[in-house]
Number of protein chains: 2
Amino acid sequence: MTAASPVPPVPASVTPGDLQPEMPPTRWGDPAAAGPLPAATRGLVDLVFGHHDTPARDRVDLPAPDLAPYHLVALRGLVGEDHVLLDDDLRRRRTRGKSTPDLLRQREGDLADAPDVVLRPADHDQVVAVLGYCAEHRIAVVPFGGGTCVTGGLVAERGDLAGVVSLDLGRLRRLLALDPVSATATLEPGLRGPEAEALLAERGMMLGHYPQSFQFASIGGFAATRSSGQSSAGYGRFDAMVVGLRVATPAGEVRLGTAPANAAGPDLRQLFLGSEGTLGVITEVTVRVRPLPEVKVYEGWRWPDFATGSEAMRQLAQSDLLPTVLRLSDEAETAINLADPESVGGEEAGSTGCLMIVGYEGTAAAVAAKQRAVTDVLAAAGGAQLGTEPGESWAHGRFDAPYLRDGLLDAGVLVETLETATFWSNRDRLYTAVKEALTAELGEGTLVLCHVSHVYPTGCSLYFTVATPGGTASHNTGDTDTGAHNTGAHNTGTHNAPLERWLPAKAAACAAIVATGASITHHHAIGTDHKPYLVDEIGEVGVTALRALKQALDPAGILNPGVLIP
Amino acid sequence: MTAASPVPPVPASVTPGDLQPEMPPTRWGDPAAAGPLPAATRGLVDLVFGHHDTPARDRVDLPAPDLAPYHLVALRGLVGEDHVLLDDDLRRRRTRGKSTPDLLRQREGDLADAPDVVLRPADHDQVVAVLGYCAEHRIAVVPFGGGTCVTGGLVAERGDLAGVVSLDLGRLRRLLALDPVSATATLEPGLRGPEAEALLAERGMMLGHYPQSFQFASIGGFAATRSSGQSSAGYGRFDAMVVGLRVATPAGEVRLGTAPANAAGPDLRQLFLGSEGTLGVITEVTVRVRPLPEVKVYEGWRWPDFATGSEAMRQLAQSDLLPTVLRLSDEAETAINLADPESVGGEEAGSTGCLMIVGYEGTAAAVAAKQRAVTDVLAAAGGAQLGTEPGESWAHGRFDAPYLRDGLLDAGVLVETLETATFWSNRDRLYTAVKEALTAELGEGTLVLCHVSHVYPTGCSLYFTVATPGGTASHNTGDTDTGAHNTGAHNTGTHNAPLERWLPAKAAACAAIVATGASITHHHAIGTDHKPYLVDEIGEVGVTALRALKQALDPAGILNPGVLIP
């Protein structure tokens, strides 16, 4: 048991009140925190994939801003001279999100989806003013929180609109209210995860939402995408933390949340949660908060196989006996985590068993009681307690994977993740189907790793990581049609070998997910990448409902056009 | 600790497969289970209010069915000759719900809101067919589950529509699927609470949703109104139990629920949950189920006052340490429950303190562990354990209150309930405001009782019971314009003394709720009674969103017209 640090590590560059950290356009995260591939990983790459230096382009051309000057004048009047930004560097950083396809396009210099201008409104009223102006003049507005989207949610369809504005919410970053009696906090959407936690920690409270993107993602983004974090077993999904919302829409303002729950018609909070910026701009989020935990304990448990470990998770969830953190790696992911790639997929497959991380946070008494009860269940179900070392190791590196991805992309290894969710009785079928689809599409030498990342009484989510030789990046081999990269539409124009290798694999995985009746996304959202599958999720009538809402709230169709709604 | 009975008592007349029980048109429940007022209550009535025999009218006239014969022919073709029902008795039983105003109107013989015809479709496809026909011919459709609504949700606005059909879902009462691995069950909407529990109990499972209306309310109604039950602390609100829905809308069918939770856009399940029959007819509900509990323990706890007890509830909820049942009566309700009316409101007010019911259900081990932890918190917070007698007594009578209401109405005492929810920091202000509003409007000799009925980490609901002299029923004094009772529009036409006494009090309570920023309804829904306050709940833009959905899914406006959506 270790004394609790108040919040997970905050990048050195982030303290409340500072300017927010900017990620490089072609990479994840804080450049100061990034480094070369660890030696063990490098060795693994050489062994499994072979190493091919695949650097990103240093210099790229950006399409010139294409918004009439009189619009810029008007927008300056709304948000101030200093907050209508046209510079190439910022526009490049506001182009797309941080999926592997996004990075591959950026690395190739494909900036066709760049916004014309970046606006930084100061508050709700300025957001309202911008929406009013843009609706009147038919200018697309792409709400931008942390820019960590991995499903193409920041790619606006320009269509016949007058231009594309990136609505950067980074200045809306206040803790507006803390109600210690009700245990609620009202946060502005531009607060990044660590900023929000730091503001709450100063007051002895916490939110407890730690997705992989935590260090850069924003409160507004968590709400708009129905995010789920690594502590969801204990603290719940982000949408379950939300008790109130304020939303600016072109049709006017909405405030929702008179009580934790009510029966006053459909719960309209759930309309804006997950709306991905297409129905309105979330300008305030009221969430449940908790006292900072006295203690945090993260343990490892070993399971003979994935099915046995999953079954134990199901048992915990159905007994309403969940720890704070609960995740289970399959045999392949466990082997990779142990830097033992030879045991992955070969005859030795499964020899390492499966690693489960079990974390407890709270008061000392509550942690002790929960730990006792959970330990009884896990031990009876066939798990072996490994102590806190594997848990601490996981906690230490819990936000590092995206940095590792950059290093692997540099080394010519294509790495991407995808996730889904289903009911327990369908877990194994889904697992097998996705794994087979990816392997069949990407061929020999592909690693497909998986973990159960979130659990519910009735089901769970599966999170897959894929690593495969990326093919040779086109601009290193000279076969790129470099002239096209600034003019083509989204997804076209540039020959991008790793991207062309990945997209059919992703499509195959999505088809497998749909075929098994699972959800196309548990927490990454729809964006543009998953849009073709939304109808499988909610049916034609569901799509009709979304379109009707869109038409009512955003009749000019300016809010994140082309995202989410088919 | 007592051995668990599998489910709460089922009315003798209900076993799966039987015809469903019918409530009398002017009273609650099973006539066989109803009786005269208990002697203690009768004494209390004489003491506090004085007794005035106020029987319901025995014979009343019903407006003649007003639907063209060729529609009846067509509808018979869709659901079968035997399931298009025009008889007066059934139509009278399908008129309105079971609020006190509903009963007062029925008792006065006001049947102006009677449907023209009752249809009993056999399955989803027949529901679809009926909706198609009625949309084409502009016939209003009022979905009918258990008929227990208390907010006017069964009162269709006839407008210029061709007629009003009561769509009785009582034949859709199958357990369609039970997935023991995922712990889900798919239920048809016409199953009443006890029927659903009995079907699950045969398979060792339970749902655990026990609203006051449990014995007669239906699965579809629970979903359509976002119901909440007496065991919500442990088992959650009904909407939180739902993982899947099938809905027939005039625009087509929707199936929702690919996974327990996902991030595939807004959670559209939440659009139909709470839609009160205005957006579609729910034809299947998939819910989380649980193993039948090994043990059930219900305890009483005494608190010095309402505030101290509420504070302890807040502490439990914010520690994620909730028992299965948790409710706290205020001083007045506690005194009445102890049949000690003299201590209510007088100098002795508060002398009895406040009674809390704390119930635990589950495996023996889980109950023991939870009981230990909860007991520690409650004892430290100032509660005194009273043992199981008060808890057992509560559990025994948990569904009796509506029967008591009938007896009190017979005795000339006006009794009604209303409920609201708010965040913890606003609890006391809300409590005081509603109590004062009711007392000010109804005057001396009015009892206002309250309990905290549902708790959340961030807030709770308050459930008020009001008892006041009802005035003399009009048909006993001869001053009724009896000629008007079959022709007037809803809410008008008949002089109804108790109703005219109640409605301004209800309006005053609603105004107090809105003024304190609380929710107009925690679990009774909007119906027609709360419709004027929906805009306070969701704003003009929220109303715009609902109207857009209505227009998209029910363009002919036939589904429960006039209900919910302003």
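Predicted model: local features only at pLDDT ≥ 70, side-chain atom pairs only at ≥ 80, totals over all residues.
I started with how much of chain A is tucked away: buried residues account for 64% of its 566 residues.

**Secondary structure and size.** I counted elements in chain A and got 19 helices and 19 strands. Then I checked the radius of gyration: it is 23 Å for chain A, close to the 24 Å from the globule rule for 566 residues, so the chain is as compact as a globular protein of that length. Along the principal axes, the C-alpha atoms of chain A fill a box of roughly 70 × 65 × 45 Å.

**Contacts.** I looked at pairs in chain A that touch while sitting at least 6 apart in sequence; 77% of those contacts join residues at least 24 apart.

**Symmetry.** What rotation puts chain A on chain B? I got 180°, with 0.0 Å of shift along the axis and an RMSD of 0.0 Å. That is how a two-fold axis relates its copies. I also asked which C-alpha of chain A is nearest the axis, and found that of Ala548(A), at 2.9 Å.

**Interface.** Last, I compared the interface residues of the two copies. Of those in chain A, 100% are interface residues in chain B too, so the copies meet through the same surface.

Definitions and conventions:
Residues numbered from 1 in each chain as written. Chains lettered and ligands numbered in written order. Heavy atoms only, no water. Helix = DSSP H or I, 4+ residues; strand = E, 2+ residues; numbered from the N terminus. Rg over C-alpha atoms; globule rule 2.2 N^0.38 Å. Buried < 20%, exposed > 50% of the residue type's maximum accessible area, 1.4 Å probe, protein only. Contact = heavy atoms within 4.5 Å. Least-squares fit on C-alpha atoms with pLDDT ≥ 70 in both.
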